[in-house]
Amino acid sequence: MPIAGIYGPDDFANRPQGQHQHEGQITASPRAAPARTKPTLPTPSLEWTPEVARATAPLYERVKHVIPPIEWPLMAPTIQAINELKRARGAVILAHNYQSPEIFHGVADIGGDSLQLAVEATKVEAGIIVQCGVHFMAETSKLLNPDKTVLIPDSRAGCSLAASITGADVRLLREKFPGVPVVAYVNTSAEVKAEVDICCTSSNAVQVVESLIAPTVIFLPDRYLATYVASKTDVKIIAWKGACEVHERFKGEELRAFREADPSVQIIAHPECPPDVLAEADFTGSTAHMINWVRERRPRRLVMITECSMADNVRAELPDVEMLRPCNLCPHMKRITLANILESLLTLREEVTIDPALAVRARRSVERMINLKN
Ligand code: 13P
Ligand code: SF4
């Protein structure tokens, strides 16, 4: 069914001023801070030597279909240095599916979608987690590992969804709809997670909404994911006017053009896309669900309606799938680079910190989601 209502900053006359986060900015309170535990290490040699070539040859095998050989000597010394430093520091690197192939296949220990990264973060034994993704992902890892050092190589890596809503907005929604449970997409700040009943990701959004056994649920902040969830459940959905700046730009007509040019083409899309885009897709799912769909179906030609690097990461693994690329780059994800991952491991910056009282409440919302039975 269609969503039952949609609200945004302009719908609350009594909304506190000055708290709204603008696109690309992130919260002021639970911010990254310098780590204190271990000293800065000297920058290692970043020369392309026969030894580096030998040591990184197995990694190049993984990315040879998406990184030209001429570019590898520019990346390999930094990749080698990061992998050595990881061991020296006792660190683990978590990378989202939208990280570029040299990061995703070259230095990450664990890759995945938001749900996989959150679940894996609960199992990490290393004392240091380097989060290659955006700030809300690093905050989620910190919530689940309060005693570990969680680093993000560039704390300006925000998200237009996380920036669209504050904790005060959630309190105003609760006043307007007393007793209605609130689900927050993990693409939110810890401050927002602290105000809601449970979190969800695009992998489990319908399951989370239905787990609440309520006739109506407030689902925030992504209006398009909310619309998608509403189309899959009988629960009435009240949405927030947030959107992903990457996925909202796709258009149904561009997908129709691909299909007209080649009717055999397969199209898969992320549920953060507008409804006219999802209407053209053969499959809709989270980044992990999309990857699994490609692994199982092995389509000859594929249009992946999501962030560009994911198509590269999938093609590195499945070179026989021809990718047509109407992709959009996420500028926040692209703030993470080999150079700042290396810097992060050398200096142990920037450390993600969250106010402990707020973290207790935010952690509860994330853990409720993780503990949901399948
Ligand atoms: P996934 O949970 O599907 O990986 O999505 C996260 C995200 O930010 C998509 O834009
Ligand atoms: Fe946020 Fe969209 Fe970037 Fe995902 S792709 S991190 S939802 S801005």
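**Entry 1**

I started with strand β11 (residues 266-269), which pairs with β13 in the parallel sense over four bridges. Two strands count as a pair here if DSSP finds at least two bridges between them. Helices (H or I, at least four residues) and strands (E, at least two) are DSSP runs, numbered from the N terminus.

Before going on, I noted that this is a predicted model, where local features need pLDDT of at least 70, side-chain atom pairs count only at pLDDT 80 or more, and totals for chains, interfaces and linings use all residues. Residues are numbered from 1 along each chain as its sequence is written, while chains are lettered from A and ligands numbered from 1 in the order in which they are written.

Back to the strands. I267 sits opposite V303 in β13. On to β14 (residues 322-324): it pairs with β13, again parallel, over three bridges, and R301 has E322 of β14 as its bridge partner. I also found β11 joined to β12 by two bridges, running parallel, with I268 opposite F283 in β12.

Put together, I get an open sheet of four strands in the order β12-β11-β13-β14, with parallel pairing. Its edge strands are β12 (283-284) and β14, each pairing on one side only. Helix α10 (residues 252-261) packs on this sheet and touches β11, β13 and β14; the direction of α10 makes about 160° with that of β11. For such angles, axes are lines fitted to C-alpha atoms, for helices over the stretch in contact, and angles run from 0 to 180 degrees between N-to-C directions. Contact means that the C-beta atoms of two residues, placed from the backbone, lie within 7 Å.

How enclosed is β13? I counted four of the five residues of β13 (residues 301-305) as buried, so the strand is largely enclosed by the rest of the structure. A residue is buried if 20 or more other C-beta atoms lie within 10 Å of its own, exposed if 12 or fewer, and partly exposed in between, with C-beta atoms placed from the backbone.

**Entry 1: the five-stranded sheet**

Next I looked up an open sheet of five strands, in the order β1-β10-β9-β7-β8 and with parallel pairing. β1 (5-7) and β8 (198-200) are at the edges with a single partner strand each, so one side of each has no neighbour in the sheet. Neighbouring strands here are turned by 30° against each other on average, direction ignored.

I then took β7 (residues 182-185) by itself. β7 pairs with β8 in the parallel sense over three bridges, and A184 has C199 of β8 as its bridge partner. Helix α15 (residues 356-370) packs on the sheet and touches β7 and β8, its direction making about 60° with that of β8. With β9 (residues 216-220), β7 also pairs parallel over three bridges. V183 has F219 as its bridge partner in β9 and stands opposite I198 in β8. V182 and A184 point one way from β7, V183 and Y185 the other way, and all are buried.

In α14 (residues 338-347), I found L338, I341, L342, S344 and L345 buried. Seen down the axis of α14, these fall within an arc of 160°, so they line one face of the helix; the arc is that of the directions from the helix axis to the C-beta atoms. Their cover includes α2 (72-89), β3 (91-96) and β5 (128-132). Just after α14, L348 takes a positive phi of about 55°.

Helix α5 (residues 135-144) is mostly covered, with 10 of its 10 residues buried.

I picked S309 in α13 (residues 308-317). S309 is buried, with 23 other C-beta atoms within 10 Å. Leaving out residues up to four places away in sequence, S309 touches Y98, Q99, S100 and P101. S309 and L329 are 20 residues apart in sequence but 7.6 Å apart in space, C-alpha to C-alpha.

**Entry 2: the ligands**

Which residues are around ligand 1? I listed N97, D113, S114, N187, T201, S202, C244, H270, E272, S286 and T287. A residue qualifies if its C-beta atom, placed from the backbone, lies within 6 Å of the molecule. This shell divides into one nonpolar, eight polar and two charged. Ala, Val, Leu, Ile, Met, Phe, Trp, Tyr, Cys and Pro count as nonpolar, Asp, Glu, Lys and Arg as charged, and the others, Gly among them, as polar.

Around ligand 2 I found 13 residues, the closest being V134, C159, C244, V246 and C330. That shell divides into seven nonpolar, three polar and three charged.
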